[in-house]
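Here is a friendly walk through some aromatic rings and a helix contact. Have the model open as you read.

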Amino acid sequence: KNITDGVILSPSLLGTISGFATEFNCAIADMVVPKSIPIIFENLDKKGSSNSAERIVLMEKLLKIIPPERIKVVLADREFIGKEWFKYLKIKKIPYAIRIKDNIICHLKDGSSALIKRHFKSLKKCKSRVIENCKICGFTTNLKARRNRKGELIVIAYSDDIKECPI
């Protein structure tokens with residue numbers, strides 16, 4: 001019997017790991033089922049974030065173990081963005097919810113464009129708003145932003161197959 005039988009999986013992507021004798025940078029795919037279980041990783045042997053090609057290699061390894069239709073959503077933090085990465089997830093039909101930085105330019109359907117933080121500047125604390133079918137990093141996606149109790153803006157880019165982005 002497969003360990004993933006009957007389980008809806010949500011892989012998440014992580015970056016630099018510290019707390020050991022040294023800090024090392026790797027791309028990790030872990031499963032949230034409901035606790036986080038690391039299943040594959042790739043040592044990047046460099047400083048800085050992974051690039052789209054490195055993330056795609058990692059996801060291809062994951063897809064050899066788990067088919068895309070078993071993945072509920074790929075969760076990732078702000079450094080895991082890029083046109084090729086978003087395009088790859090879409091082609092593979094893998095739902096995603098990726099936190100993004102608010103200083104990225106966002107192009108709206110009406111042709112206007114501005115930094116993401118400008119589109120959501122009037123958002124009040126503990127409120128959220130969605131912008132559908134906008135373009136960031138050269139890729140069309142959806143955005144949901146929420147301003148937390150401290151007034152910080154949290155923005156998630158998410159795929160069309162996610163009905164309600166939970167932030």
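Trp-85 and Tyr-88 are both buried (under 20% relative accessible area, with a 1.4 Å probe and protein chains only). Both sit in helix 2 (residues 83-91), three residues apart, so about one helical turn separates them; helices here are DSSP runs of H or I with at least four residues, and strands are E runs of at least two, numbered from the N terminus.

This is a predicted model, where local features need pLDDT of at least 70 and side-chain atom pairs count only at pLDDT 80 or more, while totals for chains, interfaces and linings use all residues. Residues are numbered from 1 along each chain as its sequence is written, and side-chain values use heavy atoms, leaving out hydrogens and water.

## Aromatic pairs

The structure holds three aromatic pairs (ring centres within 6.5 Å, taking the six-membered ring of Trp). In one of them, Trp-85 and Tyr-88 have ring centres 6.0 Å apart and planes at 15°, so they are stacked (planes under 30 degrees apart).

Phe-86 and Phe-139 are stacked too, because their centres are 5.5 Å apart and their planes lie at 15°. Phe-86 belongs to helix 2 and Phe-139 to strand 9 (residues 139-147), so this pair ties together parts 53 residues apart in sequence. Phe-86 is buried at 0% relative accessible area, and Phe-139 is buried at 9%. Together with Tyr-96, Phe-86 and Phe-139 form one aromatic cluster.

## Helix 1 against helix 2

Contact between helix 1 and helix 2 (heavy atoms within 4.5 Å) is a right-handed crossing (the near helix is turned clockwise from the far one by less than a right angle). Trp-85 and Tyr-88 take part in this contact, alongside Glu-84 of helix 2, and the helix 1 side includes Ile-56, Met-59 and Leu-63.

Conventions. Phe/Tyr/Trp six-rings, centres within 6.5 Å; stacked < 30°, edge-to-face > 60°. Buried < 20%, exposed > 50% of the residue type's maximum accessible area, 1.4 Å probe, protein only.
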